[in-house]
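This briefing is intended to be read alongside the sequence and the three-dimensional model.

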Amino acid sequence: FLLASAMAATGRNKEALDLFAQIRPLDPALAVSTVTQRAALLESAGDKAAAETLLEEFVDSHPQIEGLDRVFDRLVRISSSKESPASTELKRWSDDSKPGLRRELALLQRARGELLLRRPEQAQRLLERLSDEIFCP
């Protein structure tokens with residue numbers, strides 16, 4: 001991880017991506033750091049679609065992992081347009097029938113997106129859903 005991070009810091013993005021792809025994380029913190037670093041490198045290389053896909057697949061396969069909020073933050077930064085595939089995934093995750101961290105974070109991120117798009121009424125509805133979910137399970 002440290003070598004890959006050093007490669008990224010010195011602009012050797014291809015080598016960094018290759019090294020990050022080889023990491024098999026032993027704990028949640030390393031898993032989250034690795035996937036967010038990989039996504040950042042893909043985005044800086046101009047491949048936003050690959051970065052989104054990487055993060056979406058990670059969220060799908062780790063819906064309760066500690067640090068998931070960092071993954072969602074990166075995903076929202078990468079996909080700032082309202083019609084991006086990530087918006088579709090956020091909607092799907094926020095409407096998931098199983099309660100949990102992924103659904104809560106998806107609701108929060110959708111509300112943030114609505115505020116960025118200057119739609120406070122939609123944001124308020126999403127935040128009310130989130131509040132009900134957290135305080136009235």
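Serine 94 has a relative accessibility of 1% and therefore counts as buried, a class that requires under 20% relative accessible area, with exposed meaning over 50% and partly exposed the range in between (1.4 Å probe, protein chains only). Serine 94 is found in helix H6 (residues 85-94); helices here are DSSP runs (H or I, at least four residues), numbered from the N terminus. The model is predicted, so local features need pLDDT of at least 70 and side-chain atom pairs count only at pLDDT 80 or more, while totals for chains, interfaces and linings use all residues. Residues are numbered from 1 along each chain as its sequence is written, and side-chain values use heavy atoms, with hydrogens and water left out.

- Apart from neighbours within four places in sequence, serine 94 is in contact with Arg103, Ala106, Leu107, Arg110 and Arg129, contact meaning heavy atoms within 4.5 Å.
- Arginine 102 is located in helix H7 (residues 101-116) and is buried, because its relative accessible area is 10%.
- When residues up to four places away in sequence are not counted, arginine 102 touches Val59, Asp60, Pro63, Gln64, Leu68, Phe72, Trp93 and Asp96.

**Helix H3**

- The 17 residues of H3 should span 24 Å at 1.5 Å a residue, and the end C-alpha atoms are 24 Å apart, which agrees; the expected span is 1.5 Å times one less than the number of residues.
- Aspartate 27 caps the N-terminal end of H3, with a side-chain oxygen 3.1 Å from the backbone nitrogen of alanine 29.
- The buried residues in H3 are Ala31, Val32, Ser33, Thr34, Val35, Thr36, Ala39, Leu41 and Leu42.
- Those buried residues of H3 pack against helix H1 (2-9), H2, H4 and helix H5 (68-78).
- Alanine 40, also placed in H3, counts as partly exposed because its relative accessibility is 22%.
- Between alanine 40 and arginine 77 the C-alpha to C-alpha distance is 9.8 Å, with 37 residues separating them in sequence.
- Glycine 46 follows H3 and has a positive phi, near 90 degrees.

**The second largest pocket**

- The second largest pocket holds about 180 Å³ of space. On a 1 Å grid over the protein atoms alone, a pocket is an open set of points where a 1.4 Å probe fits, with protein on both sides within 12 Å along at least five of seven lines, and lining residues have an atom within 4 Å of a point. Grid points are joined across faces, edges and corners, and a volume is the space filled by probe spheres set on the points.
- Helix H2 (13-22), helix H3 (28-44) and helix H4 (48-61) are the elements that each give two or more residues to this lining, and H3 gives the most, with four residues.
- Of the 13 lining residues, Pro25, Ala31, Val35, Arg38 and Phe58 lie nearest the centre of the pocket.
- The lining comprises eight nonpolar, two polar and three charged residues; Ala, Val, Leu, Ile, Met, Phe, Trp, Tyr, Cys and Pro count as nonpolar, Asp, Glu, Lys and Arg as charged, and the others, Gly among them, as polar.

**Loop residues**

- Proline 25 lies in the loop between H2 and H3 and is partly exposed, with a relative accessible area of 34%.
- Proline 25 touches Leu30 and Ala31, residues up to four places away in sequence not being counted.
- Isoleucine 65, in the loop between H4 and H5, is buried at a relative accessible area of 13%.
- Not counting residues up to four places away in sequence, isoleucine 65 touches Pro28, Ala31, Val32, Phe58 and Leu101.
- Arginine 118 lies in the loop between H7 and helix H8 (120-135) and is exposed, with a relative accessible area of 74%.
- Although arginine 118 is not a glycine, it has a positive phi of about 60 degrees. Most residues other than glycine have a negative phi.

Key: A polar contact is a pair of N or O atoms within 3.5 Å; within protein, one must be able to donate a hydrogen and the other to accept it, and residues adjacent in sequence count only if both atoms are side-chain atoms.
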